[in-house]
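Work through the exercises below with the sequence and the structure open. Each task is followed by a solution in steps.

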Amino acid sequence: MLVNLETDLLRTFVAIAEEGGFSAAARRVFRTQSAVSQQMRRLEEALGQQLFEKVGRQRKLNEAGQNLLTYARQIVALNDQAVVTVNSSQQSGEVRIGAPHDIADSILPRFLSTFARSNPRVHVMLTVDRSPNLMPLLEDGRLDMTLTTRHSERFQGRLLRTSPTVWIAAAAFELDRRQPVPLVLADEPSIFRRMALNALDQRGVPHIERYTCPSLSGIHVALNAGLGVTARTPEMLKPDLKVLGEREGLPPLPDVNFYIYRSNVALSQAANALFEQICAG
DNA sequence: CCTTATTGCCGCAGGTTCCA
DNA sequence: TGGAACCTGCGGCAATAAGG
């Protein structure tokens with residue numbers, strides 16, 4: 001008697017294998033640990049096979065589990081591919097998305113490239129501006145969604161991720177601790193600018209602004225020229241840059257949150273798809 | 001089929017005791 | 001004095017019970 005394996009159960013199973021435990025997998029599939037535990041019991045019952053063995057207080061895949069994992073990944077991937085293909089073949093239209101320079105230059109490209117591959121007929125219009133200018137556009141529906149580092153209660157959205165903030169300079173840059181810290185910063189309003197200045201002020205570290213530029217590419221140029229240090233997420237790091245910290249006398253920086261918010265005006269199907277995709281990570 | 005609340009199990013860090 | 005053995009409390013992980 002053949003059994004049908006539920007994609008949902010397999011998706012959770014893959015999450016356990018990749019996250020290294022039931023609790024971490026639960027967070028990934030947006031269920032409770034208890035639900036994951038019960039799902040895996042159902043999966044084992046369906047197969048009539050134990051899939052895990054106890055290792056300390058955790059459960060790891062046994063041999064049968066390892067065998068299943070290969071197929072589970074393929075089944076889940078094929079399922080998702082089918083869904084995307086069917087949807088994208090029908091989906092066309094326009095998506096208007098906003099992002100401040102900080103984000104447009106760093107985390108946005110990853111989201112856009114995934115979406116572009118699965119939605120070749122959708123026209124994406126990106127507005128790069130400061131958050132205070134983007135929010136009114138979202139308010140009156142001239143933007144479908146916007147990414148931002150600011151929390152807002154006025155729009156439906158979610159926290160996409162929290163990233164650490166670090167001090168960054170050219171790999172060859174040497175900080176002279178007898179001199180004020182030379183800063184390479186975006187102009188206001190910039191969350192990284194405020195973080196850097198606040199942290200230095202609170203620690204009482206002398207500093208001067210050597211260079212100001214709104215775009216990340218401009219910041220890059222200044223860093224590479226050895227003009228100073230900046231505060232950014234590690235995503236900005238490239239081989240020609242390095243992280244500075246306590247050892248160089250620089251104070252720790254707070255984490256930065258990345259949010260996405262959607263317009264309260266009804267979204268097109270394409271815009272909805274992009275929003276859901278970005279939310280899903 | 002899910003959630004919350006609860007339980008048992010286990011790893012780990014820190015403290016105490018004992019002995020060479 | 002220092003190292004081994006043991007104890008204890010805390011917290012994380014998974015299972016289970018009960019309820020919607």
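A polar contact is a pair of N or O atoms within 3.5 Å. The model is predicted, and each distance below is computed from it.

**Exercise 1. DNA strand B**

Task: List the residues around DNA strand B, sort them by class, and find polar contacts to phosphate and base.

Solution: 
1. The residues around DNA strand B are Glu6, Arg31, Thr32, Ser34, Ala35, Gln38, Gln39, Arg42, Gly56 and Arg57.
2. By class, this surface has one nonpolar, five polar and four charged residues.
3. Sugar or phosphate supplies 65% of the atoms of DNA strand B within 4 Å of the protein, and bases supply the rest.
4. On the phosphate side, an N or O atom in the side chain of Thr32 is 2.9 Å from a phosphate oxygen of DNA strand B. For the side chain of Arg42, the corresponding distance to a phosphate oxygen is 3.2 Å.
5. On the base side, a polar side-chain atom of Ser34 lies 3.0 Å from a base oxygen of DNA strand B.

**Exercise 2. DNA strand C**

Task: Repeat the analysis for DNA strand C, and state which element gives the largest share of the surface.

Solution: 
1. Around DNA strand C are Gly21, Phe22, Ser23, Gln33, Ser34, Ser37, Arg41, Arg57, Gln58 and Arg59.
2. Of the atoms of DNA strand C that come within 4 Å of the protein, sugar and phosphate account for 54%.
3. The residues divide into one nonpolar, six polar and three charged.
4. A polar backbone atom of Ser23 is 2.8 Å from a phosphate oxygen of DNA strand C.
5. The largest share, four residues, comes from H3.

**Exercise 3. Thr165**

Task: Is Thr165 buried or exposed, and what does its side chain reach?

Solution: 
1. Thr165 is in the loop between strand E6 (156-163) and E7.
2. The cut-off for buried is under 20% relative accessible area. Thr165 has 6% relative accessibility, so it counts as buried.
3. Its side chain reaches the backbone oxygen of Pro254 at 2.7 Å.
4. Leaving out residues up to four places away in sequence, Thr165 touches Phe192, Met195, Ala231, Arg232, Leu253, Pro254, Asp255 and Val256.

**Exercise 4. Helix H9**

Task: Which residues of helix H9 (residues 216-224) are buried, and which strands do they pack against?

Solution: 
1. The buried residues of H9 are Leu216, Gly218, Ile219, His220, Ala222 and Leu223.
2. They pack against strand E7 (166-170), strand E8 (181-185), strand E9 (207-212), strand E10 (230-232) and strand E11 (241-244).
3. Just after H9, Gly226 takes a positive phi of about 75°.

Note on methods: Residues numbered from 1 in each chain as written. Chains lettered and ligands numbered in written order. Predicted model: local features only at pLDDT ≥ 70, side-chain atom pairs only at ≥ 80, totals over all residues. Heavy atoms only, no water. Buried < 20%, exposed > 50% of the residue type's maximum accessible area, 1.4 Å probe, protein only. Helix = DSSP H or I, 4+ residues; strand = E, 2+ residues; numbered from the N terminus. Contact = heavy atoms within 4.5 Å. Near = heavy atom within 4 Å. Polar contact = N/O pair within 3.5 Å; in protein donor to acceptor, adjacent residues only side chain to side chain. Nonpolar A, V, L, I, M, F, W, Y, C, P; charged D, E, K, R; others polar.
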